[in-house]
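Open the model in your viewer and keep the sequence panel beside it.

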Amino acid sequence: MRGGREFTITVAATAILVATFATCTRVPRMPAVDGAVVEVRRSDGLLGSGDRGYDATLQLSWFGTACHLIQLGDARVLTDPFVTNRLRLAGMRSDPARVAETLGRVRPPDMVLVNHSHHDHILDAYAAMAQRSWRARKVPLYGGRSCKNLLAGWGDAEVDGRCHAVPDAGGRLPVSRPAPGYTIKVTAYRSKHGPHLKCGFTLADGMITRPRRSAPRGILAFQAGEVFNYLVELSSPSASLNVFCLGAPFDLDKLEDSMPPAGTPIDVAIILAPTADKVRGYPEEHIARLRPRHIVLSHFNTFFREDPDEQLAVAGIDFVKMRELSRDLQSTFAGDAGYPEFEKLHIPAITVMGEAGGARNVIRIR
Ligand SMILES: [Zn+2]
């Protein structure tokens, strides 16, 4: 009888311990891991021509989702023009006010690169390309054939003439007329869109095989199409730096050529945050191969709400799991003596453009 009571007490105590442990494992963990320091610093502004270090500093502006302005002095490349931050099942349109306060305030880039044709990568492409100063500068845009066919839907022959289809196999893209003293080289690497769900499902994963005759208005009109990652190499009279835009990571065992060959020196890798738990080996294997000096996290803000300055959370659920991703990257690479190239992990705030051409929340890299 006594033994039975002791047994009951032992089982109860064990249950309490297990319950306590289970609760403890859900307690928030340290934002920094052993071997890393999370550094918070005052945001930088945008250097302008005439500022010291202007043509030797790589400047990265981020307008949310995968829309980045990559700039070295007077060489500029813009990726994935999407700033509207709104989702409609039908009647989805670019927001002129949001475009005006972002892409309307940046100097026309030398080129625009599109990773794939989902709405959150391309919805504002036409509005950007149709701006008067961009027409005058003849800004070219590159994306897959589906991207060009989609943009044909706006029925603007002048813009259509500046939209180019990247060859299906990828490769080096032509770059027209960078500023004197500058060069830009861009190489496209064919990839695939990772799944939106762990079961492997990808929304709107088709091709657009013919030029559209009307502007796309619903989310399913924006099929992903061909998918490309880009290596952007910029050089100015005083510096050369490169940026790899890993907008579509995929299983490297299946798509080895979706990234530059091992051993290519990479200064900056802009990497997608949301796919971390859905693509095998991502991001560890991809970072281990790229070994960039700087890692910049991307595509982690909400694109469902008007306020782009919010963490991606739908119905209170943090699908991106940014803290876990940040901790994983720190623990895997920050303290890795076998990866001496690593300098910093950047988690950017949305860049805010001023009316006079200045900006805040710009990442500067030398
Ligand atoms: Zn997508």
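**Salt bridges**

This predicted model holds 18 salt bridges. Begin with Asp253 and Arg280. Their closest N and O atoms are 3.1 Å apart. Colour by accessibility next. Asp253 is exposed, at 63% relative accessible area. Arg280 is partly exposed, at 37%.

Glu285 is partly exposed, with a relative accessible area of 33%.

Now select Glu343 and Arg293. Their side chains meet in a salt bridge of 2.9 Å, N to O. Glu343 lies in the loop between helix H9 (322-334) and E14, and Arg293 in the loop between H8 and E13, so the pair ties together parts 50 residues apart in sequence. Glu343 is partly exposed, at 46%.

One more selection here: Arg135, Asp156, Glu158 and Arg162. Salt bridges with shared partners join these residues into one network.

**The sheet**

Switch to cartoon view. Select the 7 strands of the open sheet, in the order E8-E9-E10-E11-E12-E13-E14. The pairing is mixed. Strand E8 (171-173) and strand E14 (344-346) stand at the edges. Each has a single partner strand, so one side of each has no neighbour in the sheet. From one strand to the next, the twist averages 20 degrees.

Zoom in on strand E10 (residues 227-235) and strand E11 (residues 240-246). They pair in the antiparallel sense over 6 bridges. Pick Leu234 and you will find Leu241 of E11 opposite.

Step across to E12. E11 and E12 pair in the parallel sense, over 4 bridges. Phe244 stands opposite Ala269 in E12. E12 also runs parallel to strand E13 (residues 294-298), with 5 bridges joining the two. There, Val268 has His294 of E13 as its bridge partner. Trace the chain from E12 through helix H8 (residues 284-290) to E13: this β-α-β crossover is right-handed.

Stay on E12 (residues 268-272) and show side chains. How many of its 5 residues are buried? The count is 5 of 5, so the strand is largely enclosed by the rest of the structure. One face carries Val268, Ile270 and Leu272. The other carries Ala269 and Ile271.

**The zinc ion**

Select the zinc ion. Which protein residues are its donors? They are His116 (NE2), His118 (ND1) and His193 (NE2), at 2.1 to 2.2 Å from the ion. Their spacing in sequence is H-x1-H-x74-H. His116 comes from the loop between strand E5 (111-113) and helix H3 (119-122), and His193 from the loop between strand E9 (183-191) and E10. These two are 77 residues apart. Both His116 and His193 are buried.

**The cysteines**

Last stop: Cys67 and Cys245. How many disulfides does the whole structure contain? The search finds 0. The sulfur of Cys67 has its closest cysteine sulfur in Cys245, 11 Å away, which is too far for a bond because a disulfide needs the sulfur atoms within 2.5 Å. Cys67 counts as buried, at 0% relative accessibility. Cys245 counts as buried too, at 11%.

Definitions and conventions: Residues are numbered from 1 along each chain as its sequence is written. This is a predicted model: local features need pLDDT of at least 70, side-chain atom pairs count only at pLDDT 80 or more; totals for chains, interfaces and linings use all residues. Side-chain values use heavy atoms; hydrogens and water are left out. Buried means under 20% relative accessible area, exposed over 50%, partly exposed in between (1.4 Å probe, protein chains only). Two strands pair if DSSP finds at least two bridges between them. Axes are lines fitted to C-alpha atoms, for helices over the stretch in contact, and angles run from 0 to 180 degrees between N-to-C directions. A crossover is right-handed if, with the strands pointing away from the viewer, the path from the first strand over the helix to the second runs clockwise. Donors are N, O and S atoms within 2.8 Å of the metal (3.2 Å for Na, K and Ca); water is not among the atoms, so sites may look incomplete. A salt bridge is a side-chain nitrogen of Lys or Arg within 4 Å of a carboxyl oxygen of Asp or Glu.
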